[in-house]
Amino acid sequence: MNRELFGVFDDEEAFTDHRCPSEFDEVVRGEVATVGIRDPGLGTFGWSASHEDEDGSCLIWGENYPEEGENGARWFLEQYAAEGRAAFDALNGSYLVFVEHDGEALVATDPVRSCECFYTDNGDVRLFGTDAATVARTIDDPTLRLPAVLEYLHAGVTLGEKTSIEQLRRLRADTVLRPDGLDPLERFVYEPREFDYVAELADRLERAIRRRAQLPGRKGLLLSAGYDSRTLLSGVPGIEHCYTVGDPASQEVRGAKRLAHQYGARHTAFPPDHRYLLADDRKVRYSQGIKESLHIHHAGYTDEINVDTIYHGLLSDTFFRGHFTGEDELEMFGKRIPLYRTDPDPKPVAVLLSKFGYDREASRQLSAHVDCGVDDPDEFVRDAVRTELEASASRVDSPQNQLNCCGILNQPSLPFHVQLADNYFSSFLAVDRELLDWHLSTPPEYRTTETFLAACERIDPGMLRHEPPDRPRSHRALNDIEGFLRRKTPFLRSFEPPWPDRETLFEVYDLDRRLLPDHEHLYDLPGRHKLRIHDVLGWLGQSSEPTERALEGLLEPGAGGVRRPSDDRSAI
């Protein structure tokens, strides 16, 4: 990777047992830990920073906005020396932070784990880093963690602290990593209260955008025709170029082009050819073996995105518009009719699985090809989600917020940002500290598209001049009715989906043979599940050959989900 943080809770000799200091731009050598950071943007305001003095050392990897001064690491070390762990509350951005002071060394992610920290214990020494593959390669005798792989293959995300390798773990969201343990923080806890939700969201969005407008160089935006990314197009001065993945003649691309021209930016559409789905080694690396590379829609076009700073609207729908909120429905004539209100008694497991990308029929089809060792894959996946819901119970006040908390802390789409942050200065608006506080303080029935659009109109009345092509009406019910009528009425053109059809791309570009040349028996699986298999095999191949071979054995023709007496499962 272009950017990386790697460290050991030990001295420099232990560090050099695994990595060469010359691989990094800076290495801090404390009494408790030795940590290296590599980042071409190190020292740029709003980005990675390092600092050492007689009081200790600090590294911040990723996006961060100090409240005072230019060096976020110096500022945070001063705050930590004065306030202890309460100082973590003041950090703002999408980051991983290491700090050592007064004989104590700690590592923490931002409150929602938008930057992952992977760690393992090698004998008495704990190692950690931002790149799962490099941390995994320090493990002497790795074994495959089959339940984690199955969660990923069936649901598109590995939950909690698990990874595809038994000895490799992820730091849970809002948690501190110590040399010999873990401690929870309390930065991401739901405490709803009454206030002016629209006015506060508008004010906080404007401040968050102003902070991120300071990132350097030529500025670009990944732009859809929807609502989320246009807030940045309106608020960041000097966005020169907007990029959309899609057919230039499609409704989505034409809508995005109108938005770009409204704000004086150039627009480029990337046609959804083989590059859209083809997952090379770099793209697979960003999946970290736990989330789908499919979400990195733009990865194949990176060489054509010629900017220094890139903006995007990822997770805006999640934090501001209730993506994980369960909606009330009425069942009539075998159909589910939306009632356009928050469900007073949601079914958390079913809601989360639908949002994660779980398909029960496709899951059964997958089980016919993968020797998973479980009797009922559907119940396996549901049990995994139930367990993760229970893990978030202490952070919430209601079933709806428990849904949101569990979904956010296990967000499947984060490889989208991971890839961008490795190649550009990448702004992550939705995880701004003030906006996270708005999300945690606003009741779920007010975290809606209506609230968000009212805030957008306060910021810029012209922001909503061009409606999304599949949402031309002011109310969701009207859009749903029109969409139904267009599908059923001859000579009326239906709303187009915003994303290309995966199955068509697989066929046209022969992606079966390009991605899974040795697994012809898997070709009848849905495209999304074939991509998941390719991702996890590819990541294990970069990280641990024994675990890759173990998974290959489970994918052999005829495995069929049944354990054969002759199987050697010792590597699993």
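**View 1. Overall dimensions of the predicted chain.** The chain has a radius of gyration of 23 Å (taken over C-alpha atoms), which agrees with the value near 25 Å that a compact globule of 572 residues would have, the globule rule being 2.2 Å times the number of residues to the power 0.38. Along its principal axes, the C-alpha trace spans about 75 × 65 × 45 Å. This is a predicted model, in which local features need pLDDT of at least 70 and side-chain atom pairs count only at pLDDT 80 or more, while totals for chains, interfaces and linings use all residues. Residues are numbered from 1 along each chain as its sequence is written, and side-chain values use heavy atoms, with hydrogens and water left out.

View 2. Of the 572 residues, 59% are buried, meaning under 20% relative accessible area with a 1.4 Å probe, protein chains only. Among contacts (heavy atoms within 4.5 Å) with a separation of 6 or more, 67% join residues 24 or more positions apart.

View 3. Antiparallel pairing (at least two DSSP bridges between two strands) links the strands in the order E2-E3-E1-E9-E8-E10. At the edges lie strand E2 (26–29) and strand E10 (169–170), each of which pairs on one side only. The chain as a whole has 22 helices and 19 strands, these being DSSP runs numbered from the N terminus (helices H or I, at least four residues; strands E, at least two).

**View 4. The pairing of E8 with E10.** Strand E8 (residues 118–122) pairs with E10 in the antiparallel sense over two bridges. Tyr-119 has Arg-169 in E10 as its bridge partner.

Key
Buried < 20%, exposed > 50% of the residue type's maximum accessible area, 1.4 Å probe, protein only.
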